[in-house]
Amino acid sequence: MSDIPRVGVVTFPGSLDDRDALHAIDAMGGEGVALWHAEHDLRGVDAVVLPGGFSYGDYLRCGAIAARAPLMATIRAFADRGAPVLGICNGFQILCEAGLLPGALIRNESLRFVCDNVWLRVETSQTCVTAGLVPGETIEVPIKHGEGQWVATPEQLERVEGDGLVVFRYAGPDGGLDDAFNPNGATNHIAGVRNVAGNVVGLMPHPEHAVDPDVGPTGGQSLFASLFEAALAGASA
Amino acid sequence: MSDPLYRQLGLQDDEHERIVTTLGREPNRAELAMYSVMWSEHCSYKSSKIHLKTLPTEGAAVLVGPGQDAGAVDIGDGDAVVFKMESHSHPSAIEPYQGAATGVGGIVRDIISMGARPVALLDPLMFGPLTEPRNRWLFEGVIAGIGGYGNCIGVPTIGGEIRFAEAHSSNPCVNVMCVGLAKADELVTAQSLTPHVGSFMVLFGAATGRDGIGGVSVLASATLEEGADASRPSVQIGDPFAEKLLIEASLELIREGLLEGLQDLGGAGISCALSESAARAGMGADVDLDVVPLREEDMEPFEILTSESQERMLAIVHPAKLEAVQALCTRWGLRTAVIATLVEGGTLAIRHRGEVVAEVPARSLTDDGPEYDRPIAEPERGDGADPALSPFDGDLGEALRAVLAAPSIASKAWVWRQYDRIVQGNTVAGPESDGAVIRVPNSLKGVVVSSDGKGRFGRLDPYLGAMHAVAESARNVAVTGARPLAITNCLNFGNPERPEVMWQFAESIRGMRDACAGLGTPVTGGNVSFYNESGDSAIDPTPVIGMLGLLPDYRLCVPSAFPGPGLAIYLVGETAAELGGSEFAEAVLGSVTGMPPALDLAKERALIELLVAAAAETVLVSAHDCGDGGVAVALAECAIGLGHGFAVSIPTDLPAHVALFSESASRAVVSVAPLDEEAFRGLADVHAVPVTRIGESGGPRAVIDAAIDIPVSELEGIWSSSIPRLLGEAV
């Protein structure tokens with residue numbers, strides 16, 4: 001068994017941060033594996049990242065067409081087995097459209113695209129990307145999206161909050177919640193959620209753009225470190 | 001009686017005569033349409049060519065000069081930077097979102113047709129005052145269009161200045177610059193690939209529709225008059241998703257060695273791509289319009305030939321590689337059509353439904369267009385009063401507040417927060433920096449770019465205005481520690497048929513020529529945008545310069561803001577009594593008169609050498625261009641950046657307001673750690689640049705002698721809230 005996790009990154013037509021995610025995985029000591037939407041093969045990877053971008057130009061609804069790609073059926077089965085799946089930005093939108101995560105992403109409250117660094121408060125350690133983090137801890141990560149306002153039906157929201165499915169909230173550097181820190185009007189400041197098992201996580205911010213101090217903040221490092229642990233644990237199980 | 005067809009298409013009588021002579025007969029409808037777009041001002045540079053020829057284009061680092069889709073510069077280790085700037089002002093004035101969006105799409109295709117991956121976009125923009133509702137509509141629409149397109153294709157938007165002036169109320173200027181990276185030996189140029197007789201011309205990408213017909217001739221090569229909204233159908237509609245697929249497919253086609261040529265379809269559509277590709281190959285082509293994928297069944301040949309539908313490329317493909325090309329495009333979801341075959345001779349023979357609808361020499365479209373030496377007349381200059389001579393007894397703190405709130409100076413964060421600045425993961429410094437910095441993958445090199453135009457200086461003196469644009473862009477690159485290498489440009493002017501506009505153009509070219517020669521930064525290409533006027537109001541003559549520089553190690557990039565307290569602050573260079581065309585003169589005195597500051601290229605060069613040397617020896621902690629707004633504004637911006645104040649005293653014989661707000665060239669505000677001061681002063685001596693230690697960084701306030709003492713937080717508030725406030729947002 002290798003101790004280098006193999007993490008697949010899916011390229012859909014219109015994916016933009018696929019190369020960036022592969023680069024971040026390699027920079028963090030993993031092995032990034034490029035995957036193609038139209039295939040069925042996950043090439044034996046230990047974890048999957050659905051990257052940011054504008055798959056299919058965001059036409060119809062963000063992520064709606066990509067959620068029906070051939071590879072997504074394979075990824076669904078992969079997730080059902082408990083393997084780690086991380087959706088970033090458009091990847092989060094795809095996971096919601098695929099029904100693998102609760103809620104939906106709609107246009108930012110400002111109706112404008114926003115690119116900025118934000119602080120996230122970690123809400124749970126019970127996921128494949130936050131196992132190495134402590135609830136209440138904050139990390140700095142960039143966002144860049146036009147449709148990142150997470151919303152849910154009242155029943156969904158009750159379940160998400162009640163079952164502790166919120167993984168990240170937009171917050172101040174010290175973890176305080178305030179509308180001023182909420183860049184898109186997301187319900188309850190929610191930036192990322194998980195499934196019940198915690199192996200599927202989606203978030204609007206971009207941890208892959210937060211691993212290299214030369215070009216940005218470093219809040220994404222710990223997420224990838226946790227993802228690698230989960231990937232290796234799954235691989236050896 | 002109505003005008004003959006050729007005039008309706010924008011051709012002049014003498015141009016029509018020329019076509020008749022070339023063909024030996026009257027051109028038919030389709031042929032006229034082709035000549036009208038190819039010989040339009042926008043495509044043929046017929047009014048500007050004679051002047052552009054005088055620009056310096058040679059340099060050790062220049063790999064590809066003017067005349068191709070984009071210029072290319074050698075940055076060592078086999079790496080090449082490809083860059084180009086263009087305007088999309090006319091479409092944007094009519095439909096701001098799509099006009100700006102398709103401008104981004106067009107310049108990106110110029111870069112990919114050189115075989116380079118687009119790695120950065122910059123958008124120099126000029127609008128009328130935001131107090132006018134229509135200007136706000138144009139401003140918000142253009143920004144949304146740039147973001148809507150650029151964010152969706154995975155190319156970071158990392159810079160581009162934004163200026164405001166009344167003359168842009170009816171004539172917004174929307175320029176866009178793209179930077180690409182390639183291996184020098186993989187560049188796609190006329191020299192690097194050899195097409196064969198019998199090879200196919202393959203159109204790939206989007207289908208051809210009725211959008212953008214006559215865009216270059218009707219829209220871009222005439223002034224916008226009343227009722228211009230009726231030309232909205234001449235504005236193209238962008239599909240950034242298709243563009244992203246084009247980028248990936250094109251680069252893969254080149255990487256796999258499947259092409260004998262590649263050309264983007266932009267202005268003048270298929271006519272341009274066919275004629276340029278064939279002429280470049282020294283061949284002709286048999287063209288079949290019936291196989292062009294159309295959005296509407298019943299399009300006429302002239303419509304198919306001149307449509308400017310976006311997101312299309314034309315590849316030249318050897319028959320043996322056609323199958324592989326088609327398979328690759330299909331994998332990316334792109335349609336292909338073999339629309340032509342290269343043949344001996346030089347004739348484009350174009351068929352539609354079994355008939356030859358056009359038969360013209362390819363070269364006559366690309367090379368035989370008219371060239372005008374248009375009359376030039378120096379206009380009368382207005383009141384030459386030098387604002388530096390009039391006494392000023394106002395409050396200097398209030399003056400600083402007013403200049404910081406001036407929209408051209410104020411923070412543009414409202415704009416660039418809407419741009420994806422970080423995709424591709426190589427953005428070392430974005431729009432907040434004087435020069436934006438992109439690192440070159442798998443190396444330590446940093447490519448530094450800045451775009452600058454000096455419209456107000458140009459109004460007072462177009463020669464000096466152009467010189468200042470070159471010098472300021474070089475300085476903006478040099479303050480990061482990078483050596484300026486070469487420029488591209490976009491030349492924004494009024495109607496060239498008016499002798500005074502042509503005089504402004506000729507003077508601007510002369511200024512650009514002298515400055516580029518003096519600073520050793522050759523011109524690698526550019527774009528001319530004429531007819532930026534409506535009624536009697538033309539824009540200020542505004543050549544926008546896109547400067548490219550190189551940092552040997554991006555980690556040594558010098559930031560512009562004071563990073564902490566206790567640093568020695570130096571004013572580098574000399575300040576003279578030069579308020580003509582300054583922000584102070586406009587925002588505080590309300591007048592733009594006199595002459596722009598002088599520019600001594602030897603001094604500018606010395607400053608650049610000092611900044612590059614000091615950065616390389618890591619003795620600079622921060623460095624910021626001291627130009628727009630003068631030293632008071634430069635200091636305020638250094639403080640606002642990270643919230644570290646300063647206390648300085650500026651020794652001078654000048655009146656205080658002149659010393660603080662003069663926009664003398666060849667200056668910078670730098671901060672230096674106390675331990676490095678001796679080394680810094682030594683370097684300044686070596687380069688013969690006068691430097692003055694004016695004070696230290698630190699504390700919460702901005703203090704200049706007894707004149708100014710204001711909390712940095714207050715200055716920050718004024719500077720950052722100005723544009724949102726003008727847009728009516730709660731701040």
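This is a predicted model: local features need pLDDT of at least 70, side-chain atom pairs count only at pLDDT 80 or more; totals for chains, interfaces and linings use all residues.
Among contacts in chain A between residues at least 6 apart in sequence, 76% join residues at least 24 apart.

I then recorded the make-up of chain A. I found five helices and 11 strands in chain A. Its C-alpha trace spans about 45 × 35 × 35 Å along the principal axes. I noted that 60% of the 237 residues of chain A count as buried. The radius of gyration of chain A is 16 Å, which agrees with the value near 18 Å that a compact globule of 237 residues would have.

Next I turned to chain B. Chain B holds 25 helices and 30 strands. Its radius of gyration is 26 Å, close to the 27 Å from the globule rule for 731 residues, so I recorded chain B as being as compact as a globular protein of that length. Along the principal axes, the C-alpha trace of chain B spans about 85 × 60 × 45 Å. Buried residues account for 63% of the 731 residues in chain B. For contacts in chain B between residues at least 6 apart in sequence, I noted that 85% join residues at least 24 apart.

I looked up the contact between the chains. Chain A gives 22 residues to the contact and chain B gives 23 residues. On the side of chain A that touches chain B, α1 (18-27), β6 (114-122) and β7 (138-145) of chain A each supply at least two residues. β6(A) gives the most to this side, with three residues. Sorted by class, the side of chain A that touches chain B has 10 nonpolar, six polar and six charged residues.

Six strands form an open sheet with mixed pairing, in the order β16-β17-β18-β23-β19-β20 (chain B). I identified β16 (427-429) and β20 (523-529) of chain B as the edge strands, each pairing on one side only. Neighbouring strands of this sheet are turned by 25° against each other on average, direction ignored.

B:Thr427 has B:Ile438 in β17(B) as its bridge partner.

Helix α18 (residues 462-478) of chain B lies across β18 (446-452), β19 (483-492) and β23 (542-551) of chain B, and runs at about 25° to β23(B). Helix α19 (residues 499-519) of chain B packs on the sheet and touches β19, β20 and β23 of chain B. The direction of α19(B) makes about 175° with that of β19(B).

Conventions
Residues are numbered from 1 along each chain as its sequence is written. Chains are lettered from A and ligands numbered from 1 in the order in which they are written. Helices (H or I, at least four residues) and strands (E, at least two) are DSSP runs, numbered from the N terminus. The radius of gyration is taken over C-alpha atoms; the globule rule is 2.2 Å times the number of residues to the power 0.38. A residue is buried if 20 or more other C-beta atoms lie within 10 Å of its own, exposed if 12 or fewer, and partly exposed in between; C-beta atoms are placed from the backbone. Two residues are in contact if their C-beta atoms, placed from the backbone, lie within 7 Å. Ala, Val, Leu, Ile, Met, Phe, Trp, Tyr, Cys and Pro count as nonpolar, Asp, Glu, Lys and Arg as charged, and the others, Gly among them, as polar. Two strands pair if DSSP finds at least two bridges between them. Axes are lines fitted to C-alpha atoms, for helices over the stretch in contact, and angles run from 0 to 180 degrees between N-to-C directions.
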